Amino acid sequence: MNNSSTPGYSRMSLKTGWSAVTFEIISQHKLLVTSAVIVVSLLILEQTVYRAKKKWLPGDKWTIPLIGKFKDSLNPTLENYMKQWSAGPLSALSVFNLFIVMASSNEYTRKILNSPSYTEPCLVASAKAVLEAENWVFLNGKAHADYRRGLNALFTRKAISIYLTIQDKFSREHFAKWLANPNPNHEDVMVTMRDLNMETSLRVFCGSHIPQKGVKEIGEQYWMITLALELVNFPLALPGTKVYNAIQCRKMAMKWLESAARKSKEAMAAGEEPECLVDAWVKEMLNAPEDSKTKQQFSDHEIALVVLSFLFASQDAMSSGTIYLFQHLADNPDILAKVRAEHDRIRPDPSQPLTLEQLEEMTYVKAFVKESLRVKPPVTMVPYKTIKPFPISPDYTVPANSMVIPSLYPSLHDPEVYPQPEKLIPERWLDENSPANKNPKNYLVFGSGPHRCIGQEYTLLHMMNVIVTAAALMDWDHKVTPESEKTQLIATIFPKDGCLLKFRPRGTPVA
């Protein structure tokens, strides 16, 4: 007998089928409810943790779930940062559950920069992947101090005098290219200035130990490293991402730089005279007494990593500063006239390279460069990470593993220290009793504390050399646009329109 044909069996099968369907629906519903409860619980936990870390600090009361301020970080603007700075001396925000405390006052900014027992430089999340985790810029405390001590010999007066000769030679070569440019229109000079600083820096650092092919490859591709060191980037080094491209660029650059270090060691061991920074470094290693406290032997790889980090500063921060030097002089002919008058008095023949003594005599040029860097500081902030709870103020402790950001820009635009802070006034540096000179703690262009820029003097002299020689040899015209005074932030700041310039020999009438 076929049970399936009986009415009782059919009703039983139907009941069983409905039970199965009902059970499945209930199970799915429970799963959805459970998932929703988990998600809601995690969101509540996220907000609770954020509020607990934030405490009384100014900032959003609630963070956008999961992403926080990610959207603002994708397109950072100086205006948005100013809004954050205006919230208070300390303020809080969150990006992808990374808790961030931003300092805007000079007091808290300097405290972060000068507290190596609580904080360490972290730059951005991708920095260690891009520049290598063992790079000296990530060292802290005694290890960093000892390493830095071994680099001091690279910036002595004798070494800088060698660098000036190289800077002069390659700057003039680039000026000649600018003057030979047949384009009658104004051009964006961001790449132009980067090329000048990159080639000049590579020759200062590595001399003839790096061939022109290497200079060209590094110059063309190093921009990828800059792009990967923006504050927010996709963190995984997957093919096609900025971080992946930067790592490939670093590997390429390191091959050339390690080769240069190896060739330098061979040349110095053979008794040749130093011609570049790496030579001076190797010579110092060879000549240091065995019992010297600074006696250190650096491998080719370690030397290359240091040069790699120097290149980042020279092609990015220095290019930003150089662009604004040209823009500021074009927009302020009265300042340009004073720069030229001082130059013509100290170096009547501009065909001769400047000496270190001549540059040091150019007090107005130095004041102009310092003031240009103050008005438009290449670096507006430097991210650090707390390595343990950091009692930054009597009533607030930054949690461990948070990001703390000392902001340099507000200190450089403090109206009490720099009256009319947005105005370019080189003379403020010529009066030893001016508020600017009486408050050196506010001049944070090169940072402060143990990680203060080791190449500060080199940078100032290079920029002075470039701009005063350019002023002696060329005229240039700046096409002002509505975006000339606005900034774009990559790793450093640049004019939003790229700075549109047109060069011609000095004294030539405008076409």
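Let's start with contact, which here means heavy atoms within 4.5 Å. Helices (H or I, at least four residues) and strands (E, at least two) are DSSP runs, numbered from the N terminus. What you're looking at is a predicted model, where local features need pLDDT of at least 70 and side-chain atom pairs count only at pLDDT 80 or more, while totals for chains, interfaces and linings use all residues. Residues are numbered from 1 along each chain as its sequence is written, and side-chain values use heavy atoms, with hydrogens and water left out.

Strand 9 runs antiparallel to strand 12 (residues 500–505), and the two pair over 6 bridges. Look for Lys479, which stands opposite Leu500 in strand 12.

Next, a helix with a lot tucked away. In helix 12 (residues 277–287), Leu277, Val278, Asp279, Ala280, Trp281, Val282 and Met285 are buried, meaning under 20% relative accessible area with a 1.4 Å probe, protein chains only. What do the buried residues of helix 12 pack against? Their neighbours are helix 7, helix 8, helix 11 (242–269) and helix 13.

Follow helix 8 (residues 190–206) to helix 9 (residues 212–221): they pack at about 135°, with axes 10 Å apart. Helix 8 and helix 9 are therefore oblique to each other. As for the labels, angles under 35 degrees count as roughly parallel, over 145 as roughly antiparallel, 65 to 115 as roughly perpendicular and the rest as oblique. Arg194, Met198, Glu199, Leu202 and Arg203 of helix 8 make the contact with Gln212, Val215, Ile218 and Gly219 of helix 9. Sorted by class, that gives 4 nonpolar, 2 polar and 3 charged residues. Here Ala, Val, Leu, Ile, Met, Phe, Trp, Tyr, Cys and Pro count as nonpolar, Asp, Glu, Lys and Arg as charged, and the others, Gly among them, as polar.

Now over to helix 19 (residues 456–473), which packs with helix 14 (residues 333–346) at about 90°, their axes 10 Å apart. That makes helix 14 roughly perpendicular to helix 19. Leu336, Val339, Arg340 and His343 in helix 14 meet Val468, Ala471 and Ala472 in helix 19, a contact of 5 nonpolar, 1 polar and 1 charged residues.

Helix 16 (residues 363–375) packs with helix 19 as well, at about 110° and with axes 10 Å apart, which makes helix 16 roughly perpendicular to helix 19. Among the residues in this contact are Phe368 and Leu373 of helix 16 and Met463 and Ile467 of helix 19. The contact has 9 nonpolar, no polar and 2 charged residues.

Finally, spot the hairpin formed by strand 6 and strand 7, with 2 residues between them. Strand 6 (residues 390–393) and strand 7 (residues 396–398) are antiparallel and share 2 bridges, and Phe390 has Val398 as its bridge partner in strand 7.

How values were computed: Pairing = 2+ DSSP bridges. Axes fitted to C-alpha atoms, helices over the stretch in contact; angles between N-to-C directions. Buried < 20%, exposed > 50% of the residue type's maximum accessible area, 1.4 Å probe, protein only.
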